[in-house]
Amino acid sequence: MGPPPTPKRDVVWIDGLRGIASVLVVTAHISRSLVPFLLSPAMSDKLPPLLFQLPFIRCLFMGRASVAIFALVTGYVNSLGPLKRSRAGNVDAALSGVAKSAFRRFGRFMIPAMVATTLSWLACQLGAYNVAHFANSAWIRDTSPVPSSSFAGAFYDLFQNLGTTWIDGFNTYDRIQWTLTYLLKGSMMTYLSLFALVYVKPRWRMVIIAGMFYFKWKSGDALVGFNIFCGIFLAEVSIDPDVASFVAGHPYLQAIGSASLITLGLFFCSYPEEHPEWARWSTKMLNLGHWIFPKQVEFARYYPGMGADMVATGIMFNNTAKTILSHRFLCWMGKLSWPVYLLHAPLIRTVLTWVLFGASVRPPQGKDQNGNQLPPGWLPIANPWIVTFAIPLFYVFLYRVAGLWAQYVDPWCTNVTQQFENMVFREDAKADKPLLLS
């Protein structure tokens, strides 16, 4: 994840893939809020599945593969330029680009996230999450912060959460920012690997990157680790002339192999987060996981990660899929993926929650066995028909707000980063032209 780079022909389809991943994250969190039973492969171990609980279709509501996609895209995009320069013998430019990009990454990644946290903190102190505290949605209630007890305490809580987001991933005002510290570490992992491998011959570099993939796989780093190295490996493969020649000479193998990878990858991405034993297909995957995954790892992370890597690999060798993902609408979504990720959860807990639950009345629950009045129940959805119209309109609203963020907030964050860079960089480093990586 993170702010998208300047578009290049090599990464246009990656923008489309990132756009789809970002909208699926939004869909996943709305599903957790309103229909959490979709996380399971069936309604129970004795009931048949619903349509949206079936394999492949359920990918629309599963968000963990999207996080794996963000990590893979980070490895792919941030390594593509340096690997090209290394192959061209322009190693000094490659090292210079990696050094500057690693420095800029902190500002371009952290500053927008801190702005989003501050806005969510302000909304919290003004009572924007009050309806969410009583909504009949466990995810909305559990992720909605409460106002601070005092004026001074509010600022203390803000500065504390601005720090803990990057220390241990905890952010009271936006719980989903826990992924950012891992994605930032993944970026640094990419840059460090490029520093170490920029002088290595391409063939040996592929071998070493594949070895790092295996190491991360065996060490249990399913969140970003092996996905990062898959992205770096795909970047290397995408510019290798021998691979391109082999693929061009075997069109049928290319078509069948890429389609098989995409199909199998989507099936792996369908692995349920809860109760995999409730369906025959997911039970078989559960049993298979004991054979192919390291011990004591979370299968609901490994399967989507492995599936996302297979889908991305299949797309890279499938010209039709790349053409579809290069559509300007999907690329537009990809350019807004960073603000969409930062803004969607606070907007779900405020705007969408107000629309769905704001007009409801908390139902009475009667009295307990001692005759004491029980507190009212949770706020139900005001009208089931509201969902039909509110959710599509919410996506329109979300992307409109994300567009305003990209127009005004992102340039400001970039300017702050640039000013800090001008202040601390040596004069000879300032003179170099800014490079692609971001």
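Select E236 and R205 to begin: both residues are buried. In this predicted model, their side chains meet in a salt bridge of 2.5 Å, N to O. E236 belongs to helix α8 and R205 to helix α7, so this pair ties together parts that are 31 residues apart in sequence. Together with R205 and E236, they are joined into one network by salt bridges that share partners.

Keep D240 and R87 on display and hide the rest. The side chains of these two residues meet in a salt bridge of 2.9 Å, N to O. Which parts of the chain does the pair link? D240 sits in the loop between α8 (225-238) and α9 (241-249), while R87 is in helix α2 (residues 64-87). Is D240 buried or exposed? Its relative accessibility is 2%, so D240 counts as buried. R87, at 27% relative accessibility, counts as partly exposed.

**A second salt bridge: K335 and D15**

How many salt bridges does a search of the whole structure find? The search gives 13. One to visit next is that of K335 and D15, whose side chains meet at 4.0 Å, N to O. Here too the pair links distant parts of the chain, 320 residues apart: K335 is in helix α14 (residues 328-335), and D15 is in helix α1 (residues 12-34). Colour the two residues by accessibility. K335 has a relative accessible area of 37% and is therefore partly exposed. D15 has a relative accessibility of 3% and therefore counts as buried.

**A packed pair of helices: α10 and α12**

Select residues 251-269, which form helix α10, and residues 299-316, which form helix α12. Two packed helices are described by the angle between their axes and the distance between the axes. For α10 and α12, the angle is about 160° and the axes are 7 Å apart. Why are these helices called roughly antiparallel? Angles over 145 degrees count as roughly antiparallel, and α10 and α12 are therefore described in this way. The crossing of α10 past α12 is left-handed.

**On the surface: a nonpolar patch**

Switch to a surface display and select W204, V207, I208, M212 and F215. These residues form a nonpolar patch on the surface, and their accessible area together is about 510 Å². Click on I208, which is found in helix α7 (residues 202-218). I208 has a relative accessible area of 35%, so this residue is partly exposed.

Although F56 is not a glycine, its phi is positive, at about 75°. F56 counts as partly exposed because its relative accessibility is 39%.

Then move to Q296, in the loop between α11 (280-292) and α12. Q296 is a residue other than glycine, and its phi is also a positive value, near 60°. Is Q296 buried or exposed? With a relative accessible area of 84%, Q296 is exposed.

**Positions separated in sequence**

For the last stops, show C-alpha atoms and use the distance tool. Start with N171, in the loop between α5 (151-167) and α6 (178-197). N171 counts as buried, because its relative accessibility is 1%. Draw a line from N171 to N161: the two are ten residues apart in sequence, and their C-alpha atoms are 5.3 Å apart in space.

Next select P346, placed in helix α15 (residues 337-357). At 12% relative accessibility, P346 counts as buried, since the cut-off is under 20%. What separates P346 from R175 in sequence and in space? The two are 171 residues apart in sequence and 9.5 Å apart from C-alpha to C-alpha.

Finish at L347, also located in helix α15. L347 has a relative accessible area of 13% and is therefore buried. From L347 to F397, the separation is 50 residues in sequence and 9.4 Å in space, C-alpha to C-alpha.

Conventions: Residues are numbered from 1 along each chain as its sequence is written. This is a predicted model: local features need pLDDT of at least 70, side-chain atom pairs count only at pLDDT 80 or more; totals for chains, interfaces and linings use all residues. Side-chain values use heavy atoms; hydrogens and water are left out. Patches are made of residues with over 30% relative accessible area and no salt bridge: like charges are joined within 9 Å, nonpolar side chains (Val, Leu, Ile, Met, Phe, Trp, Tyr) within 5 Å. Accessible areas come from the Shrake-Rupley method with a 1.4 Å probe; for residues, only the protein chains shown count as cover. Helices (H or I, at least four residues) and strands (E, at least two) are DSSP runs, numbered from the N terminus. Buried means under 20% relative accessible area, exposed over 50%, partly exposed in between (1.4 Å probe, protein chains only). Axes are lines fitted to C-alpha atoms, for helices over the stretch in contact, and angles run from 0 to 180 degrees between N-to-C directions. Angles under 35 degrees count as roughly parallel, over 145 as roughly antiparallel, 65 to 115 as roughly perpendicular and the rest as oblique. A crossing is left-handed if the near helix is turned anticlockwise from the far one by less than a right angle, and right-handed if clockwise.
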